[in-house]
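Please look at the sequence and the structure shown here before reading on.

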Amino acid sequence: MPNKLTWNLSIRTKLLLSYLIIIVICLTFFSAIIWRTASNSLREESRRTVQQTVDLAHETLTAHMADVEDMLLSLQADRIILNTLQYPSENIINDIEILESELLSVDIFRKKVSSIKLYLLNHEDFPTYDNSMVFADTKIKNEPWYIQTVKNNGMVCWNVFHASGSDGTITASRLLIDTQTHRPMAVLRADIDLLQFAGKLEQVKLGKQGTLFLVANNHIINLSGSAYINRFVNAPELFRIINNSTITDSYSNIENTEYLISYRDLSAPSLKLVGTVQCTELNDSSTFVGQAIIFTAIISLLISLLILSIILKNITAPLHQLAHTMENFTNNTALRLDIPSNDVIGKLYKSFNTMMSTISNLIQDVNTLFQKQKVSELKALQAQINPHFLYNTLDSINWMAKKYGAKDISKLATSLGSFFRHSLNKGQEYTTISNELQQIISYVYIQKVRFKDKFDLNIHVDDEILDYPIVKLSIQPLVENCIVHAFEEIDYKGIIDIDGYRDGDNIYICVSDNGSGADTDELNHAVNKSFNINEPIEKYGLHNVNERIKLYFSENCGLSFQTNESGGITVTIKIEVKEL
């Protein structure tokens, strides 16, 4: 039924409106996809940047802590210290000077640690508090860090003191053990100022405001007194994530603001590196991308309207002229179509109604002529080849060969005649496996004459399948392939084996050679690829065999190639069991 809303609209206006709707829908759809994809990509890229920054800071701090642990290990291995503690002299001051000298020799410029101290076990004669670096452990025996260090039996212990202030300290301590008696002798302690250890962390920016900071024993270390860091002091969600989550990067809502929180554990179990950045900062780039997409879409829409207006003007002018020409073409009006509108297309429909009868008659005449032409061509083709003439000629050659005692020529003519009889098969596409093998025997005899007995043929086919049908000329091309290609470059006698057997509802016929071999993947691809009109027809011999087998049996049947044990090719024909 005609649409009353668009009845009086011109075709140019209708097309313009249609194109406009399509363009708007497409632009909206693709802009949404692009914006969504770009937003996700930019957000992910920002997240990776934050991750990389946190990882880099984590590597720096971990390396610093590893260097300190190496210092303590080197002191454990210091023979002067061990000897001095194992065999103390009567001069305590002299022993202290020796020990201090060794302690000072590690990190001379104090780039890694602020101080190194040695607390001696069971040496009450040494001073307890002094400006020295060597002390008796009398007054620190009950301190938690000391007790933990002794229990760790030579493993490094990390502790944080005064983490809430800028004068905080991170300590690494380990038990110094006599390497001969394995008796604990002293406790080594290296102190690191927090400013020395992590003073530069808060200078690293994640986005515009985000930064890095340390958390020790669930207390945030805010060395610079940053207001941004202080907002997390009373944020239990932050501590829940860094203490319980198995994922080192997650998004969380803190005080109605979404943050990306990325954290890493340091060597000290209670010390963590944390990076936070507001998610709105991650989305800044995607907002800019969205604005750019909208602006581009509007410009594209305006340009499209201008171009469409020019194109439609050029399209509708020829349509008007064509409609006027068709209006003057009036013959039979028996067939009519409903007129959809009152525009140029409506006029085309009117003219179409008047032309339909003439077109129908013309189509009928063309079909009749085409059928006559095909019949004539078929008869002409049949007249070109007279099989009886061919058979009679071969019989004459055979008779003359026998007359003059040319037995080889007689057998060759007989084989050729047999080959053609089986090939033509009275125009039938099917033949029996027995007939097909008989044709192969004739064909091979002819080829052995040609190639001077360069190869032999062996046939091992079960008798039970000989009377089953097969597509004619399906085995012969495979044997021909062996002779022409497989044996072309060999210097030994070629062998062709034909084996046939039945397996359930299928029959398998295998043609094998001991030739030079070929790429079986390429052969399997060649027989199954689509027909290309630009390639020579010679390339489609095996492809044609495969297609005819599939056509007359099923898609599960056909040819398959594989390399055999002799290095040659075995091609298998699979057909279904059928009755003639």
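The questions and answers below concern a predicted model and take up a pair of helices and a sheet.

Q: Which residues of helix 16 does helix 15 meet, and how many residues of the contact are charged?
A: From helix 15, Ala-526, Val-527 and Asn-528 take part, and they meet Leu-542, His-543, Asn-546, Glu-547 and Lys-550 in helix 16. Sorted by class, this contact has 3 nonpolar and 3 polar residues, and the number of charged residues is 2.

Q: Which strands are the edge strands of the open sheet?
A: The sheet is built from 5 strands with mixed pairing, in the order 13-15-16-18-17. An edge strand pairs on one side only, and this holds for the strands at 455–461 and 558–563, namely strand 13 and strand 17.

Q: In which sense do strand 16 and strand 18 pair, and which residue stands opposite Ile-507?
A: Strand 16 (residues 506–513) and strand 18 (residues 569–576) are joined over 7 bridges, and the sense of their pairing is antiparallel. Opposite Ile-507, the residue in strand 18 is Ile-575.

Q: At what angle does helix 16 run to strand 17?
A: Helix 15 lies across strand 17 and strand 18, and runs at about 170° to strand 17. Helix 16 also lies across strand 17 and strand 18, and its angle to strand 17 is about 130°.

Terms used: Residues are numbered from 1 along each chain as its sequence is written. This is a predicted model: local features need pLDDT of at least 70, side-chain atom pairs count only at pLDDT 80 or more; totals for chains, interfaces and linings use all residues. Side-chain values use heavy atoms; hydrogens and water are left out. Contact means heavy atoms within 4.5 Å. Helices (H or I, at least four residues) and strands (E, at least two) are DSSP runs, numbered from the N terminus. Ala, Val, Leu, Ile, Met, Phe, Trp, Tyr, Cys and Pro count as nonpolar, Asp, Glu, Lys and Arg as charged, and the others, Gly among them, as polar. Two strands pair if DSSP finds at least two bridges between them. Axes are lines fitted to C-alpha atoms, for helices over the stretch in contact, and angles run from 0 to 180 degrees between N-to-C directions.
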